[in-house]
Amino acid sequence: MARLGRSTWALGERQVAVIAASTVAGSLESQGPLSDAFDVRLSDDRAGEDSWERAEQVMFHRAAELACEKAGVKPEALDLVVGADLNAQLTSFYMGLRQLARPMLGVYSACASICEALAVAGLAVATGFADKVLAGTSSHTSTAERQFRYPTEYGVQRPPSAQRTVTGAGAAILGRGRGKWQITHATIGEIADFGVRSPWEMGAAMAPAACDTIRQHLADTGRSLNDYDLVVTGDLGRVGLDILRHLLVEQGVAPASLVSVRVSDCGAMIYAEDQQEVFSGGSGAACSTLVTFGHLFREMERGRVNRLLLCATGALLSQVSAQQGDTIPSISHAIAFERGD
């Protein structure tokens, strides 16, 4: 492996493979346009538990268990587990996967965490420090909303720019060599802060960070937007996606005609805009995980997408920062995938 340019890791051609991936989707997500791509579709967001937090832990555990089953890997064969969620102190990750009893690294880039987890996992595999690594994330609308905005039960009025935190979990098993999907590059993003203060304006807060990371990835690798069948951000929603497309054109990354067909967003894809009341779209640590490990990986298997750039996005706000009246900085990391065997 090698470092390219300022912030991109080249993990080596055909060196890091995604052997298997799994998805567990919440009830609303299971009714959306990507429903058929999810492995487990829940009808009850409580998942039979007595709290939303325990439900999210169960979802994460089920996703990890299913990924191991699909990969033919026993949990005890995992050298490392890397993951994240949005609960305080990564509760869902550590509590949900504690029964695996494997070495664990919790990471956090808010809703961009899946790309951070995949970057760390891919680095461990590419350097030979691990043979099999599980990477995943989870989120739950009823745990995240009361932590970052208001409890769902409060019924607060939301503006059209608001997004719904995706309920679900996803996990992938990484290993050396060839697989269905190859990870070729990881671009590590920088903090961007454009002064957004409203917790309902996540798309506006994150779009500049996504633009910066996409530009940096292309500069580091010497690639252009034409080299990817699809560049997809994590959870900008429809409002943020419009802003990102405008920024990419304005900054000369690609012409509008190309940006409009090559650049999309997981948050804008996971729900049916006209049929589900989700305002600007989806968000959350599970948003890009579900869409990528479910729908987009299936599109790659079918040969419809051969090269994919996932540029997950995260708004770095918390109860503490909100109480201090701080602005909302954001970050975006990118993972480049290629269709494998």
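Biologist: How should I read burial here, and do F60 and F93 count as buried or exposed?

Modeller: Both F60 and F93 are buried, where buried means under 20% relative accessible area, exposed over 50%, and partly exposed in between, with a 1.4 Å probe and protein chains only. Please keep in mind that this is a predicted model, in which local features need pLDDT of at least 70 and side-chain atom pairs count only at pLDDT 80 or more, while totals for chains, interfaces and linings use all residues. Residues are numbered from 1 along each chain as its sequence is written, and side-chain values use heavy atoms, leaving out hydrogens and water.

Biologist: How many aromatic pairs are there?

Modeller: Rings of Phe, Tyr and Trp (its six-membered ring) pair if their centres lie within 6.5 Å, and planes under 30 degrees apart count as stacked, over 60 as edge-to-face and the rest as tilted; the count comes to 5 aromatic pairs. Among them, F60 and F93 form a tilted pair, 5.9 Å centre to centre with 50 degrees between the planes. F60 lies in helix α1 and F93 in helix α2, so the pair ties together parts 33 residues apart in sequence; helices (H or I, at least four residues) and strands (E, at least two) are DSSP runs, numbered from the N terminus.

Biologist: Which geometry do F297 and F337 adopt?

Modeller: Theirs is edge-to-face, at 5.3 Å centre to centre and 80 degrees between the planes, and the pair links helix α9 to strand β15, 40 residues apart. F297 is buried at a relative accessible area of 1%, and F337 is buried at 0%. Ring pairs also link W181, F293, F297 and F337 into a cluster.
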